[in-house]
Amino acid sequence: MADHYHENCQALLGSLSEYIDGELPPGLCAEIEKHLEGCENCRVVLNTTKRTIDLVQVPAVEEALPKDVRERLFLRLNLDDFLEQKK
Amino acid sequence: MEEFSLDALRSGDRAEFARLVDTYSTPIYRLGLKMLGNQQDAEDVLQNTFLNALTHLKDFEGRSSISTWLYRIASNEALMSMRRKKNTVNLDDFQPEETDDVPLPEVFVDWSALPEDELLSGESKKAMDAAVSKLPESLLMVFVLRDIEGLSIKETAEILNLTETNVKTRLLRARMFLRERLSTYYRERLAPEERPNG
């Protein structure tokens, strides 16, 4: 299966990011979708690439600035009189 | 997008600067965490970015947005810190690459439909962090700005002083690199137990 990677697949790979980001013209999207219908490997690459991007974006929301880091930052910038200010 | 008064910032309005710090400290800290992989280095990047901004605000002409300007300072801080840690200084490291080649995928396991709790488990998160930490520096910068911070191709290009085409190529290479690593990780988890008992 892994060795099944044709010229069309390589062409799709080159446009994959832009396809995922919705930055390709409709004509090219239609060509890609036609290829995807008949190529399981490319469907897998597309699905798993999309999921990879989703996964890195999810934890980003959880990585809020810790309170003590904010306090030290404000102290370092001599802004400690604004520490209580609501964000 | 929050608006800031450049005049107030340039004239030393501390309340306005505090508002700027509160708006951008979370994304800049996150950038440091992703680039350097630990909280202490991320905090250094955060502090140095705003100290630097404070020093140079009077020279900021507003040709780019304030957010692009801050991200640029933060990216430089993170890059310098990475290079100090590696104990090497190679000014060519961040020049556009000659090659546009994207490595071909080799693992074709569709793990995308795994349940969310499996994909977001602590172990999966570790696998993702390990994969991100293996990204080459030039791909990591683009990936963090575009896919983690959610900036546009244009903004990313402006921050890193690259062409948009170059950003797109690096982004694709970064995404493919991570996809391959995660696919290898999930292939092992999804593989049925083939060994006989005992």
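## Exercises on a predicted two-chain model

L119(B) has 19 C-beta neighbours inside 10 Å and therefore counts as partly exposed. The structure is a predicted model, and the exercises below are worked on it.

**Exercise 1. Describe the side of chain A that touches chain B: which element supplies the largest share, and how do the residues divide by class?**

Solution. 
- Step 1: Count the residues in contact: 36 from chain A and 39 from chain B.
- Step 2: Find the contributing elements. In chain A, α1 (7-20), α3 (40-62) and α4 (67-76) each give at least two residues to the side that touches chain B.
- Step 3: Among the elements, α3(A) has the largest share, with 16 residues.
- Step 4: Sort by class. This side of chain A holds 20 nonpolar, 9 polar and 7 charged residues.

**Exercise 2. Compare the span of helix α2 of chain A with the expected value, and state how many of its residues are buried.**

Solution. 
- Step 1: Helix α2 of chain A runs over residues 26-38 and has 13 residues.
- Step 2: From first C-alpha to last, α2(A) reaches 19 Å, close to the 18 Å expected at 1.5 Å a residue.
- Step 3: Of the 13 residues of α2(A), 1 is buried, and the helix is hardly covered.

**Exercise 3. Describe how the two domains of chain B meet, and which element gives the most to the domain 1 side.**

Solution. 
- Step 1: The domain assignment of chain B gives domain 1 as 6-86 and domain 2 as 116-190.
- Step 2: Taken over C-alpha atoms, the domain centres are 22 Å apart.
- Step 3: The contact takes 13 residues from domain 1 of chain B and 13 residues from domain 2.
- Step 4: On the domain 1 side, α2 (14-36) and α4 (66-86) of chain B give two or more residues each. The most comes from α4(B), with 6 residues.
- Step 5: By class, the domain 1 side has 6 nonpolar, 4 polar and 3 charged residues.

Methods: Residues are numbered from 1 along each chain as its sequence is written. Chains are lettered from A and ligands numbered from 1 in the order in which they are written. This is a predicted model: local features need pLDDT of at least 70, side-chain atom pairs count only at pLDDT 80 or more; totals for chains, interfaces and linings use all residues. Helices (H or I, at least four residues) and strands (E, at least two) are DSSP runs, numbered from the N terminus. The expected span of a helix is 1.5 Å times one less than its number of residues. A residue is buried if 20 or more other C-beta atoms lie within 10 Å of its own, exposed if 12 or fewer, and partly exposed in between; C-beta atoms are placed from the backbone. Two residues are in contact if their C-beta atoms, placed from the backbone, lie within 7 Å. Ala, Val, Leu, Ile, Met, Phe, Trp, Tyr, Cys and Pro count as nonpolar, Asp, Glu, Lys and Arg as charged, and the others, Gly among them, as polar. Domain bounds come from an automatic or database domain assignment.
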